[in-house]
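Keep the structure in view as you read.

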Amino acid sequence: MITLRKIRREQLGHASYFQSNTLGLTTMTSEQKHILADNVKRFDDAATAWEEKPQRVALARKVAEAIEQAIPLAGTMQVLEYGCGTGMVSRALSPHVATIKAVDTSPQMLEVLRQKAGEEKIDNIETLVHDLTQTPLPDKDFDLVISSMTLHHIPDIEALLDQFFAALKPGGYLAVADLVTEDGSFHEDNTGVAHYGVSPEAVRAILAKNGGKDIGVQEIHTIEKLREHGDKRGYPVFLAWCRKGK
Ligand SMILES: C[S@@+](CC[C@H](N)C(=O)[O-])C[C@H]1O[C@@H](n2cnc3c(N)ncnc32)[C@H](O)[C@@H]1O
């Protein structure tokens with residue numbers, strides 16, 4: 001019999017080089033640790049110039065706007081952003097919530113975030129280097145967990161979404177954005193890419209499995225890329241959101 005988890009992995013294009021342990025977290029061999037360390041280095045190296053690409057800035061703005069429309073943000077909310085990078089989404093949402101814990105595995109991305117937040121006089125974002133795919137977070141009382149363009153770098157997306165639910169208070173909200181499943185042409189170099197985009201319907205099924213209420217899934221943006229021979233290609237991005245059951 002094919003298990004639900006296996007079906008989802010097939011739908012999600014699950015990378016085969018990690019295995020889930022009984023907690024749903026991944027256990028790593030030394031080779032796998034090497035792959036993760038490479039990923040950290042790649043994003044560390046990209047951090048300083050990350051916001052120089054107007055497409056990235058435009059996408060983050062769209063994600064923040066879509067979250068504002070989908071989720072009733074409040075000045076009392078404790079928020080977790082996972083895979084925050086330089087914190088473009090967190091910085092945009094920071095005036096509307098109480099605090100944001102911005103988590104990433106790349107220390108340099110977080111260094112840029114702190115620098116930009118300082119320049120923008122934002123004082124309610126705290127940064128943390130942490131890998132939730134290996135170790136759960138000690139805090140489990142967030143009102144909102146968000147993540148943008150990170151799922152496709154995570155081998156076991158279902159285990160990560162399960163961890164997001166575990167980090168939420170009963171009645172808290174979840175909102176994740178990512179590329180819709182593509183053919184592998186989005187990244188110039190697919191090193192460190194665990195999935196060629198993510199199936200919005202597979203994410204919807206995982207939210208439902210976790211008892212998510214008021215689930216919404218919507219395409220919110222299209223990233224236009226100029227390809228060889230000058231033709232343009234559009235890559236849709238979706239937002240999936242829900243409320244955790246009480
Ligand atoms: C494509 S970037 C997106 C960054 C940011 N959310 C944005 O939209 O600009 C993916 C981010 O996920 C982070 N990342 C990759 N693997 C991760 C993991 N296992 N845990 C936490 N963050 C991770 C990378 O360091 C990087 O900052």
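Start at M149, which is buried because 20 other C-beta atoms lie within 10 Å. The cut-offs are these: a residue is buried if 20 or more other C-beta atoms lie within 10 Å of its own, exposed if 12 or fewer, and partly exposed in between, with C-beta atoms placed from the backbone. M149 sits in the loop between β6 (142–148) and α6. Its phi is positive, about 60°, although M149 is not a glycine. Most residues other than glycine have a negative phi.

Before going on, note how the model is to be read. This is a predicted model: local features need pLDDT of at least 70, side-chain atom pairs count only at pLDDT 80 or more, and totals for chains, interfaces and linings use all residues. Residues are numbered from 1 along each chain as its sequence is written.

Now compare D214. D214 also has a positive phi, about 50°, and is not a glycine. This residue is found in strand β8 (residues 213–226). Is D214 buried or exposed? It counts as exposed, because it has 10 C-beta neighbours inside 10 Å.

Helix α6 (residues 157–167) is largely enclosed by the rest of the structure, because 9 of its 11 residues are buried. Among them are I157, L160, F164 and F165. E158 and Q163 are on the buried list too.

Step back to the whole protein. It has 7 helices and 9 strands. These are DSSP runs, numbered from the N terminus: helices are H or I with at least four residues, strands are E with at least two. Of the 246 residues, 39% count as buried. Two residues are in contact if their C-beta atoms, placed from the backbone, lie within 7 Å. Among contacts between residues at least 6 apart in sequence, 70% join residues at least 24 apart.

Next, find the ligand. Which residues come nearest to it? Of the 19 residues around the ligand, the nearest are F43, G83, G85, S106 and T150. A residue is near a molecule if its C-beta atom, placed from the backbone, lies within 6 Å of it. Helices α2 (30–46) and α3 (54–70) each supply at least two residues of this shell.

Last, check the confidence. pLDDT is the predictor's confidence in each residue, from 0 to 100. The protein averages 89, and 87% of the residues score at least 70. Over residues 1–26 the pLDDT is below 50.
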